[in-house]
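Let's take a walk through a protein model together.

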Amino acid sequence: MKAKWKKILMASMACVALTGISATSFASGYELSSEVKTATPALLKATEIGLRTYNTTDEQLMKAPNKDAIVVMSFGTTFKDTRAKTIEATVDEIQKAHPNTKVVLAFTSHIIIDRIKAKEGINIPTPEEALAQLKAEGYNRIALTSLDVIPGIEYTYKTAVYDIYKTQFKKMTIGTPLMYWMGQENQRDDVEDAMKALESQMPKLGKKDAVLVMAHGTPDPSNAYYAVMQDRLNKLYDGKVLIYTVEGNPRLEDVIEELKAKKIKNVTLMPLMMVAGDHANNDMAGEEEDSHKSILEKEGFKVDTYLHGLGENENVRQLFVDRANEAFDALQADK
């Protein structure tokens, strides 16, 4: 075992020597070693992980008085009730944490934005529209925060917004989603923290009981986060809580086989999503024959459903607020 760890340590040291990258605090992610004197733009770009910060070099922008705002970015949902209990509740708590700062909610789904406008008469901006409006109003320092669960395609969209718009402002920061760090050296374990936060909504589990946690899934390589989540769930809940995805891996059929192997008879379904929207109400808990509930019942399981988004869980909601606070604190650093 000692020899194995020595090999790992030597490999890690070799990687640092080649790249000149060293770990720093969990908030800022990674930074280049001070020994690197001629870092190329590509190398600098490669180290942009974790919470990101941009400071302008434009003299006119630098002279302007600070005017700060926070943009909370979410995919969104057309389900009004769960939106109020999850997304809007989180935005309200972020606003309470920063009472003297303008807080704006933006949705990334254009379809959801259009449907809400048509049905409810409410205009919710895209992140791009929100930034354009803030710039027009004279705001020049922006903290971006995300209500994403993992750093998948949706979060990549948000970081792309950051990259495209940051040069228009005096300063811009973007925080991380709910789960980003996994306990790497000098980093916290966001995955374990989030899985621990689920404890408050877990039913009491007997020998033949289990919980199936439904995540979204993604074609992005970040789908690997679900394997890390399962590892933490196994540690925290003794293998009685299993994760599966709607559009990724593992699938429902994968966990059904595991349930049978464990002789589970009673299953509770719950979403691992910010909101209890279409996936939760229809794909997971619907009465159609292809819903997850119906499929499990056909397989002989007794099924209960928990139709509450992550944003309704106070512990999880606080983690999202913490991410927003980190982005805002980075905005305030070195005024």
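Predicted model: local features only at pLDDT ≥ 70, side-chain atom pairs only at ≥ 80, totals over all residues.

Start with helix α7, which spans residues 127-136. Which of its residues are buried? They are P127, A130, L131 and L134. Buried means a relative accessible area under 20%. These four cover an arc of only 95° around the axis, so they sit on the same side of α7. What covers them? Among the covering elements are the strands β4 (68-74), β5 (102-107), β6 (141-146) and β7 (171-174), together with helix α8 (153-165). Just past the end of α7, look for G138, which takes a positive phi of about 90°.

Side chains of opposite charge can pair when their charged atoms come close. In this model the count of such salt bridges comes to 22. One of them joins K158 and E154, with N and O 2.9 Å apart. The two residues are four apart in helix α8, which means that about one helical turn separates them.

Now move on to D190, which has a salt bridge with R188, where the closest N and O atoms are 2.4 Å apart. Both R188 and D190 are buried. D190 also forms a salt bridge with R323, and here the closest N and O atoms are 3.3 Å apart. Because D190 lies in helix α9 and R323 in helix α14, this pair ties together parts that are 133 residues apart in sequence. R323 is buried, as D190 is.

The axes of α9 (residues 190-197) and α14 (residues 314-332) come within 8 Å and cross at roughly 145°. On the α9 side, the contact is made by D190, D193, A194 and A197, and on the α14 side by N315, V316, L319 and R323. How do these residues divide by type? Four are nonpolar, one is polar and three are charged. D190 and R323, the salt-bridge pair, both belong to this contact.

Technical notes. Residues numbered from 1 in each chain as written. Heavy atoms only, no water. Axes fitted to C-alpha atoms, helices over the stretch in contact; angles between N-to-C directions. Contact = heavy atoms within 4.5 Å. Nonpolar A, V, L, I, M, F, W, Y, C, P; charged D, E, K, R; others polar. Buried < 20%, exposed > 50% of the residue type's maximum accessible area, 1.4 Å probe, protein only. Arc of directions from axis to C-beta. Salt bridge = Lys/Arg side-chain N within 4 Å of Asp/Glu carboxyl O.
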